[in-house]
Amino acid sequence: MAGLSGLFAVYKPPGVAWCRVREAVETRLLRVQGPRFRRLKIGVGHRLDVKASGVFVLGIGHGNKLFTDLYNCHLTKVYTVSGMFGKATDDFSDTGKLIEKTTFDHITREKLERIVAVIQGTNHKALLMYSNIDMKTQEAYELAVKGLIRPMEKSPPIITAIRCLQFALPEFQLEIHCLHETQQYLRKIVHEIGLELKSSAVCTQVRRTRDGVFTLDDALPRTQWDLRSIQDAIRNCRLKVETELEKTLGHQDNSPFHQLDVEMAHSTDS
Amino acid sequence: MARWARQVSRWGCLLSTARAAEFPRRPRSYGSAARTCREFAPLALLPPAKDGVLWRLLACRSVGSCPPPDRARDGSFSSQESHLPSLVKYEQAKAETLPDLNAKELNEDWDDIPPSSALEEISEEEAVQIIAEPLLPLHSTTLRDYVDHSETLAKLVHLGVDLSQVEKRQKAGQLLLTLDFEKDIRKILLFLKDVGVEDNQLGPFLTKNPYILGEDLEALETRVAYLKSKKFGKSEIAQMVSRAPYLLLFSVERLDNRLGFFKNELGLSVKKTKDLVIRLPRLLTGKLETVKENLQVCQVELGFQRNEIQQIAYKTPKILTASKKRLKQTFDYLHNIMGIPHHMLTRFPQVFNSKLLRIRERHMFLAFLGRAQYDPAQPSYISLDQLVSLPDEVFCTEIAKASIQDFENFLKTL
């Protein structure tokens with residue numbers, strides 16, 4: 001267990017603060033070991049606020065060092081955002097203070113998809129701008145073909161893709177691929193979509209279905225937050241993480257997964 | 001440097017002689033210290049004392065000019081006194097039977113060896129053999145500085161008291177330092193054992209409530225007698241005292257007031273009140289305002305009738321000390337979203353003790369499967385206590401009639 005290190009994902013339930021999730025995992029792991037280990041170094045990846053749920057990456061031991069590198073890869077995250085037409089609140093979610101109520105019978109799926117396309121277009125311009133790539137070069141064309149154009153440094157939130165999954169008045173569901181976002185930003189997008197459609201909308205659910213290379217299938221539900229499952233999860237995700245890091249940051253001598261190799265070798269021996 | 005060390009060690013001896021009150025029965029004089037040091041070389045063969053004090057004895061020079069600090073020697077005696085009463089008596093006998101010789105030796109010592117000045121040259125061997133202990137600080141924020149030198153603290157640590165917790169409390173550290181183990185603490189410990197606190201519980205008990213060591217023994221006995229007069233059994237009193245360490249600090253009037261309060265507020269019979277207090281003795285030692293507020297919340301905001309509150313409080317007394325916010329949130333979900341009426345909640349008050357997240361996940365899973373049926377009159381009824389108390393696997397297979405894989409997949413869609 002002392003050799004346990006690496007990255008894994010859990011599913012954070014809604015209504016719980018992210019630090020509580022981290023503490024719960026730490027407690028469950030320490031319970032197995034007993035009082036010998038007082039604390040485990042468990043680091044977190046991209047955080048989720050209290051109302052949001054979804055894939056939440058945690059790192060143990062030396063895996064924490066990979067977080068900086070993963071952050072520098074600037075990988076996109078995918079969210080499923082559910083909204084509801086008809087009212088507007090102060091914090092853009094359905095539990096906030098009500099500000100106004102509106103009608104929404106005039107909204108159709110085509111109108112929604114039109115607005116969504118406009119949002120994607122404007123965000124695409126911002127994407128190209130922050131990527132710092134000269135658009136007229138051959139290199140830019142090749143990257144664009146592969147879909148690898150991304151801002152590789154700090155930028156405001158950018159939506160790389162957005163589409164409508166479900167539409168059943170007054171509720172609707174969107175899938176949003178984004179970078180450098182916060183969950184509150186996504187709720188604001190829902191609110192603005194409502195305004196654009198000459199009505200109002202609140203966000204009822206923000207759920208992260210992918211964070212970089214970690215998908216919903218990799219995320220461990222609460223019933224599986226134990227040593228065995230976490231070890232398996234770390235092992236399964238290791239290859240994906242390494243491939244992604246290699247692809248984006250290039251092969252370096254002091255690259256982090258050389259160290260991780262050593263760690264995993266030790267832990268499989270122990 | 002060596003000079004200074006020797007001077008300090010001398011000052012150390014003088015200081016400890018000044019603190020004679022703490023360690024009775026030890027010979028005090030300068031000369032006899034050297035003498036008994038020589039006589040007690042055989043002590044070195046016995047099991048070593050805590051700080052390796054005996055190694056210091058070995059190192060001490062038998063020539064009388066620089067005896068080891070009194071404190072170190074006394075320390076070894078105190079920790080071994082229980083094992084070697086005979087040797088201590090021997091030492092005392094020696095000291096008593098040769099008082100005149102001691103006096104002569106005193107004079108001889110003072111005459112033979114002129115007081116050395118700090119700037120005197122000494123050889124390397126002498127320098128190495130000087131042991132200069134740092135002086136005890138007069139003020140300190142932690143008990144750690146005093147633990148090595150106070151046998152009270154040492155014995156408490158042996159019992160299992162966590163001094164790092166104790167020193168965080170107000171004035172508890174000060175109290176412990178002023179008490180003497182033999183005179184005060186031992187009586188209270190025997191009293192606690194008499195009441196029925198287990199030996200291995202004494203340490204945690206004293207960690208939580210060190211103030212009891214400063215209490216008057218008669219007062220404590222009066223309080224236990226009062227509890228016995230109210231027909232609490234001996235094992236029940238032992239249980240209550242172990243689980244609520246502050247209980248015996250309360251005076252008889254206060255205990256009486258509190259028992260009366262619970263009897264009146266909840267409207268329970270004497271027997272039921274006693275049963276309640278035995279199951280959750282924290283009620284007697286906790287704040288009464290919180291209990292009053294919780295009762296208000298139950299009545300006004302949650303809308304329970306008085307007899308319903310009585311039943312709930314009797315079945316799950318923890319509700320009286322629970323957090324109001326959590327209580328309101330749980331009730332809101334149970335009543336407004338799950339649609340459970342008041343009388344069902346009165347029948348199963350244990351739902352208030354369980355985590356809201358658990359209730360929410362399980363209810364949403366059942367609703368998704370179309371099995372969220374909490375009305376006993378309808379078929380395929382699911383009782384609330386089964387909803388919260390069963391472990392996950394049993395819940396899935398028995399109640400929801402689905403596999404745990406389905407439950408996990410559902411959890412990931414929330």
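Which residues lie nearest the centre of the largest pocket? In this predicted model, for which local features need pLDDT of at least 70, side-chain atom pairs count only at pLDDT 80 or more, and totals for chains, interfaces and linings use all residues, A:Pro14, A:Gly15, A:Val16, B:Leu357 and B:Arg360 hold that position among 48 lining residues. Residues are numbered from 1 along each chain as its sequence is written, chains are lettered from A and ligands numbered from 1 in the order in which they are written, and side-chain values use heavy atoms, with hydrogens and water left out.

A pocket is here an open set of points on a 1 Å grid over the protein atoms alone, where a 1.4 Å probe fits, with protein on both sides within 12 Å along at least five of seven lines; its lining residues have an atom within 4 Å of a point. The volume of the largest pocket is about 1800 Å³, taken as the space filled by probe spheres set on the points, which are joined across faces, edges and corners. Two or more lining residues come from each of α1 (18-33) and β9 (201-211) of chain A and α21 (324-337), α23 (356-369), α25 (392-400) and α26 (404-411) of chain B. Such helices (H or I, at least four residues) and strands (E, at least two) are DSSP runs, numbered from the N terminus. By residue class, the lining comprises 20 nonpolar, 11 polar and 17 charged residues; Ala, Val, Leu, Ile, Met, Phe, Trp, Tyr, Cys and Pro count as nonpolar, Asp, Glu, Lys and Arg as charged, and the others, Gly among them, as polar.

The contact between the chains (heavy atoms within 4.5 Å) involves 15 residues of chain A and 9 of chain B. About 1100 Å² is buried between chain B and chain A, 51% of it on carbon and sulfur atoms; buried area is the accessible area (1.4 Å probe) that two parts lose on being put together, summed over both. B:Glu408, B:Lys412 and B:Leu414 account for 52% of the area that chain B buries against chain A, more than any other three residues. Between the two chains there is 1 salt bridge, defined as a side-chain nitrogen of Lys or Arg within 4 Å of a carboxyl oxygen of Asp or Glu. B:Glu361 pairs with A:Arg222 in a salt bridge whose closest N and O atoms are 2.7 Å apart. On the side of chain B that touches chain A, α23 and α26 each give two or more residues, and α23(B) makes the largest share, with 3 residues.

Over all chains, 20 salt bridges are found. Within chain A, the side chains of A:Lys188 and A:Glu192 form a salt bridge (3.8 Å, N to O). These two residues are separated by about one helical turn, because they stand 4 residues apart in helix α5 (residues 183-196) of chain A.
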